[in-house]
Structure formats: C-alpha cells, structure tokens
Amino acid sequence: MVPIDTETLTLIDRISTTRSPGRPIPHPRTGRPADFLFTAHGHRLSQNRLRAELDRAAGAAGLGHITPHQLRHTYATALVNAGVSLQALMVILGHVSAEMSLRYARLFDSTVRAEYERALSLAKSRLGPLPTPDRGTDEPDHGDDWRTTATIKTALAGGYCLRAPAQGPAPTPTCASTAPPTGPPSSTSPS
C-alpha cells in the first residue's frame, strides 16, 4: 500500500472514468482477475512501454532522458526534505533496510541548514547563556568578548568540550573526563 494525495487520487479517478472499459486481466502474482489502471489492447503495459512513454513526455517537456528510477529518487528526496521519517520512507519505498532507503534520499542544503539551526537553538536553550567572565585583579578587561574569558580559553586549550556548569562532569572520555576548569589558563603548554 502506498499513500497518495487527493490530487493524485483525482487524476487516477479521471483516468479510470475516461478510459475504455476492459476485461479483467490475470494478476501476475496471484493469477486472480484484476483491473489494472494502465492497459493497452487487453494487456498490462510493459516496463519498456512505460519507460518509452516517460522518455517521450520528458523530451516533450525539454527535460532530456528520464527514467522511472530517477523519479523514485526524486520522490524519496522530496519526502525526506519535507520531514518524512526514515521508518516511513522505508515503508513507502518497500525497503527492509535503512541503508537502502538512505541511498535514495539526499538532503538539500537548505534542509541541512534548517535542521542545524533548529538543533542549535534547542542546544542553546538547554545549556543557557555562556558563562560571564570572572575577572581577577590581574586579568585585563576585554569587555564581554567571550573569546577572552579564562573559562573559554582554558577549556579550548585543554581540549575540553564546552559543557554548562549545571551539566557537571562529562560522562565519557570522548568529550572530557572532567568539567572544564574554571580558573585562569595554565602557564604550561603541551609538548
């Protein structure tokens, strides 16, 4: 089963009512009589006939050579960029593995950008504002330039992930085994 929109359903209904009535044709898998949407001279349209007609229509539209498989890729790409989940895409395309569906789907740059901005906004709202500089008497005043705060400089120089104080120490060594130091930068440099 493949979901279709109302415009497609209207088109299928129009084809069904305007085509000449035919006799049911045995279904290739079950052998039971079935009414196929596209028939010619009492037979189902072959793949070659459908490909040739698509190619003719694409040429008339000035698109060059188009294959049904290209339309499948375009369909999957449009669905992914509209926010369809991978699980739903797998069902719609009839795939049993996520890898197969992912081959069909390509994200537009605008989709990647929108998703990045959505995730960044969510992360910022969860982390809260950057820490304010805790300037000692010997630290020069650089205004509110976050790049000059001791916390940021030390965390970046030490290779730590920037974690909010409320998050506590990082749970895995892939980020950092402890929370970023809050004191002034170390005077030693790695060798």
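The model is a prediction, in which local features need pLDDT of at least 70 and side-chain atom pairs count only at pLDDT 80 or more, while totals for chains, interfaces and linings use all residues. Residues are numbered from 1 along each chain as its sequence is written, and side-chain values use heavy atoms, with hydrogens and water left out.

The protein has seven helices and four strands, where helices (H or I, at least four residues) and strands (E, at least two) are DSSP runs numbered from the N terminus. Read from that end, the elements follow the order α-β-β-β-β-α-α-α-α-α-α. Of the 191 residues, 17% count as buried; here buried means under 20% relative accessible area, exposed means over 50%, and partly exposed lies in between (1.4 Å probe, protein chains only). The protein exposes about 14,800 Å², and carbon and sulfur atoms supply 59% of this area. Such areas come from the Shrake-Rupley method with a 1.4 Å probe, and for residues only the protein chains shown count as cover. Contacts, defined as heavy atoms within 4.5 Å, can also be sorted by distance along the chain. Among those with a separation of 6 or more, 25% join residues 24 or more positions apart.

The next stop is the interior. In soluble globular proteins, nonpolar side chains tend to be buried together. A nonpolar core is a set of buried Ala, Val, Leu, Ile, Met, Phe, Trp, Tyr and Cys residues joined through side-chain atoms within 4.5 Å. The largest one in this model has eight residues, namely A76, L79, V80, L89, I92, L93, Y104 and A105. Helices α3 (68-81) and α4 (86-93) each supply at least two residues of this core.

How far apart are its end C-alpha atoms? They are 20 Å apart, which agrees with the 20 Å that its 14 residues should span at 1.5 Å a residue; the expected span is 1.5 Å times one less than the number of residues. Within α3, the residues A76, T77, L79, V80 and N81 are buried. T77 counts as buried because its relative accessibility is 11%, and, leaving aside neighbours within four places in sequence, T77 is in contact with Y104, A105, R106 and F108. N81 is buried as well, at 16% relative accessibility. With residues up to four places away set aside, N81 touches R106, L107, F108 and T111. Y75 is also found in α3, but Y75 is partly exposed, with a relative accessible area of 37%. Just after this helix, G83 takes a positive phi of about 100°.

G62 follows α2 and has a positive phi, near 80°.

Attention now turns to charged side chains. The structure holds three salt bridges, each being a side-chain nitrogen of Lys or Arg within 4 Å of a carboxyl oxygen of Asp or Glu. In α2, R56 and E53 sit three residues apart, about one turn of the helix, and their closest N and O atoms are 2.6 Å apart. E53 counts as partly exposed because its relative accessibility is 41%. In helix α6 (residues 109-127), E117 and R113 are four residues apart, again about one turn, with 2.7 Å between the closest N and O atoms of their salt bridge. R118 and E115 also lie in α6, three residues apart, and their side chains meet in a salt bridge at 2.7 Å, N to O. R118 is partly exposed at 47% relative accessibility, and E115 is partly exposed at 43%.

Finally, the surface has a nonpolar side too. V2, I4, L9 and Y75 make a nonpolar patch of about 360 Å². Patches are made of residues with over 30% relative accessible area and no salt bridge, with like charges joined within 9 Å and nonpolar side chains (Val, Leu, Ile, Met, Phe, Trp, Tyr) within 5 Å.
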